[in-house]
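This report reads a single protein chain from its secondary structure down to individual residues. Please keep the sequence and the coordinates at hand while going through the sections.

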Amino acid sequence: MKPLVATAPDEATLAVVARTVRERVGFYLSTPAYRAAFDVHEWTDEAERAAVMSKAQRWDEISALVSDEMLHTIATVGTYDQIGRLLAERYGALTDRIEFSIPVNNPEDGERLTSILTELQATSRS
């Protein structure tokens, strides 16, 4: 499973990452192949508006249609300290594999990733 994840070391950086993920959700919102995922949550009007905007090449405006509720329904959003728990709560019983990434630029980053994965594994097994 490869869920849509927005994660960063702190809230300020997470806000930047979440904007990028919001744009991706906006792309999905505008794409007919993903329409059913939005219809089930009663976001049909937003999907229709996003489709019209995409046809007019108004890509920069689509992310404004993605509410916080929509973002958090489609993506898992949290800081590094939260993301392991959030992913385990959301997917723990549903999967035995999950793929996401964080940048590993130094040994501390590697330790942080290991910690997140350890938490995710422990939580999903219980």
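## Start of helix α1

Aspartate 10 caps the N-terminal end of α1, with a side-chain oxygen 3.2 Å from the backbone nitrogen of alanine 12; a polar contact is here a pair of N or O atoms within 3.5 Å, where within protein one atom must be able to donate a hydrogen and the other to accept it, and where residues adjacent in sequence count only if both atoms are side-chain atoms. The model is a predicted one, in which local features need pLDDT of at least 70 and side-chain atom pairs count only at pLDDT 80 or more, while totals for chains, interfaces and linings use all residues. Residues are numbered from 1 along each chain as its sequence is written, and side-chain values use heavy atoms, with hydrogens and water left out.

## Overall architecture

The secondary structure of the protein chain comes to 7 helices and 2 strands, where helices (H or I, at least four residues) and strands (E, at least two) are DSSP runs numbered from the N terminus. Read along the sequence, these elements follow the pattern β-α-α-α-α-α-β-α-α. The C-alpha trace spans about 45 × 30 × 20 Å along its principal axes.

Of the 126 residues in the chain, 37% are buried, a term that stands for under 20% relative accessible area, with exposed meaning over 50% and partly exposed in between (1.4 Å probe, protein chains only). The accessible surface comes to about 7800 Å², and 50% of it belongs to carbon and sulfur atoms; these areas come from the Shrake-Rupley method with a 1.4 Å probe, and for residues only the protein chains shown count as cover. Among contacts (heavy atoms within 4.5 Å) between residues at least 6 apart in sequence, 57% join residues at least 24 apart.

An α-helix has 3.6 residues a turn, so residues three or four places apart point the same way.

A nonpolar core is a set of buried Ala, Val, Leu, Ile, Met, Phe, Trp, Tyr and Cys residues joined through side-chain atoms within 4.5 Å. In the largest such core, which has 20 residues, Val21, Val25, Leu29, Met70 and Leu71 touch the most other members. The elements that give two or more residues to this core are β1, α1, α3 and α5, and the largest share, 5 residues, comes from α1. Apart from this core lies another, of 10 residues, among them Tyr80, Leu87, Tyr91 and Leu120. Valine 25, leaving aside its neighbours within four places in sequence, is in contact with Leu4, Phe38, Val66, Met70, Leu71 and Ile74.

## The strand pair

Strands β1 and β2 pair in the parallel sense over 4 bridges, pairing being counted if DSSP finds at least two bridges between two strands. Within this pair, alanine 6 stands opposite valine 77 in β2, and threonine 7 stands opposite glycine 78.

## Loop residues

Most residues other than glycine have a negative phi, and most peptide bonds are trans. Glutamate 42, in the loop between α2 and α3, has a positive phi near 65°, and at 71% relative accessibility this residue counts as exposed. Glutamine 57, in the loop between α3 and α4, also has a positive phi, near 60°, and counts as exposed at 57% relative accessibility. The side chain of glutamine 57 makes a polar contact with that of tryptophan 59 (3.2 Å).

Proline 103 has its place in the loop between α6 (80-91) and α7 (107-125). Leaving aside its neighbours within four places in sequence, proline 103 is in contact with Tyr80 and Asp109.
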